[in-house]
Amino acid sequence: MKKILISACLVGDKVRYDGKGCYTPLIKELLKYYELVPFCPEVEGGLKSPRLRSERRRNEVRNEKLEVITDKFDLGAEKALNICQYLNIKMAILKEDSPSCGVHQIYNGYFQKRKIPGQGWTTELLTKHGIKVISDQEIEDLLKIKEAEEERKEKPLKK
């Protein structure tokens with residue numbers, strides 16, 4: 001069974017900045033096809049939960065007190081990459097909008113609750129190293145593709 005790195009908050013771990021998780025019921029469906037490897041780059045980088053909200057602005061990450069915490073994000077991203085390389089993981093499902101895990105969009109870096117196109121710190125590193133990263137908002141599409149593949153396997157070819 002293929003392994004997928006997944007944001008730990010999506011499996012219900014209380015690792016988000018607000019001390020909560022954001023479990024998605026689609027996890028049960030994913031487990032039919034994949035072995036999930038939960039990981040939170042922010043916690044693994046040394047940040048606690050709960051913690052101050054943080055946002056990425058270009059090549060740095062700051063918390064709400066405007067303290068630069070890029071080193072924590074670097075460490076978490078490197079650990080995520082190391083796990084993927086060690087376990088031969090080729091795909092990750094990460095939490096959209098997160099300064100670490102955003103796939104298509106992140107907050108603008110000015111704590112204005114505005115989203116912009118962009119990638120989180122970990123997403124960017126994994127992508128640079130050839131790991132396919134999809135958003136939690138794309139899980140349903142992944143499952144449809146997987147179910148179609150399984151259906152094709154089960155049906156014999158007509159001659």
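Trainee: How many residues does the largest nonpolar core have, and which residues have the most contacts inside it?

Mentor: In soluble globular proteins, nonpolar side chains tend to be buried together. Please note that this is a predicted model. Its largest nonpolar core has 21 residues, and those with the most contacts inside it are Leu5, Ala92, Leu94 and Leu126. Strand 2, helix 3, strand 5 and helix 4 each supply at least two residues of this core. Helix 3 gives the most, with five residues. Another core, of 19 residues, lies apart from it; Cys40, Met91, Ile93 and Leu142 are among its members.

Trainee: Which residues does Leu94 touch, leaving aside those up to four places away in sequence?

Mentor: With that exclusion, Leu94 touches Ser7, Leu10, Cys101, Val103, Thr123, Leu126, Val133, Ile134, Ser135 and Asp136. Just after helix 4, Gly130 takes a positive phi of about 85°.

Trainee: In what order do the four strands of the open sheet lie, and what is the sense of their pairing?

Mentor: In a regular strand the side chains alternate between the two faces of the sheet. Here the strands of the open sheet follow the order 2-1-5-8, with parallel pairing. Strand 2 and strand 8 (132-135) are the edge strands, each pairing on one side only. From one strand to the next, the twist averages 25°. Helix 5 (residues 139-154) packs on this sheet and touches strand 1, strand 2, strand 5 and strand 8. The direction of helix 5 makes about 140° with that of strand 5.

Trainee: How many bridges join strand 1 to strand 2, and how many join strand 1 to strand 5?

Mentor: Strand 1 (residues 2-7) and strand 2 (residues 34-39) pair over six bridges. Within that pairing, Leu5 has Val37 of strand 2 as its bridge partner. Strand 1 and strand 5 (residues 91-94) run parallel and are joined by two bridges. There, Ile6 has Ile93 of strand 5 as its bridge partner.

Trainee: Which residues have a positive phi although they are not glycines, and are they buried or exposed?

Mentor: One of them is Asn88, with a phi of about 55°, in the loop between helix 3 (70-86) and strand 5. Asn88 counts as exposed because its relative accessibility is 52%, the cut-off being over 50%. Another is Asp97, with a phi of about 80°, in the loop between strand 5 and strand 6 (105-107). Asp97 is buried, as its relative accessible area is 13%.

Trainee: How many disulfides are counted, and why is Cys9 in none?

Mentor: A disulfide is a covalent bond between the sulfur atoms of two cysteines. The count here is zero. The cysteine sulfur nearest to that of Cys9 belongs to Cys22 and is 3.4 Å away. A disulfide requires sulfur atoms within 2.5 Å, so Cys9 is in no disulfide. Cys9 is also buried, with a relative accessible area of 8%.

Definitions and conventions:
Residues numbered from 1 in each chain as written. Predicted model: local features only at pLDDT ≥ 70, side-chain atom pairs only at ≥ 80, totals over all residues. Heavy atoms only, no water. Pairing = 2+ DSSP bridges. Buried < 20%, exposed > 50% of the residue type's maximum accessible area, 1.4 Å probe, protein only. Core = buried A, V, L, I, M, F, W, Y, C linked by side-chain atoms within 4.5 Å. Contact = heavy atoms within 4.5 Å. Axes fitted to C-alpha atoms, helices over the stretch in contact; angles between N-to-C directions.
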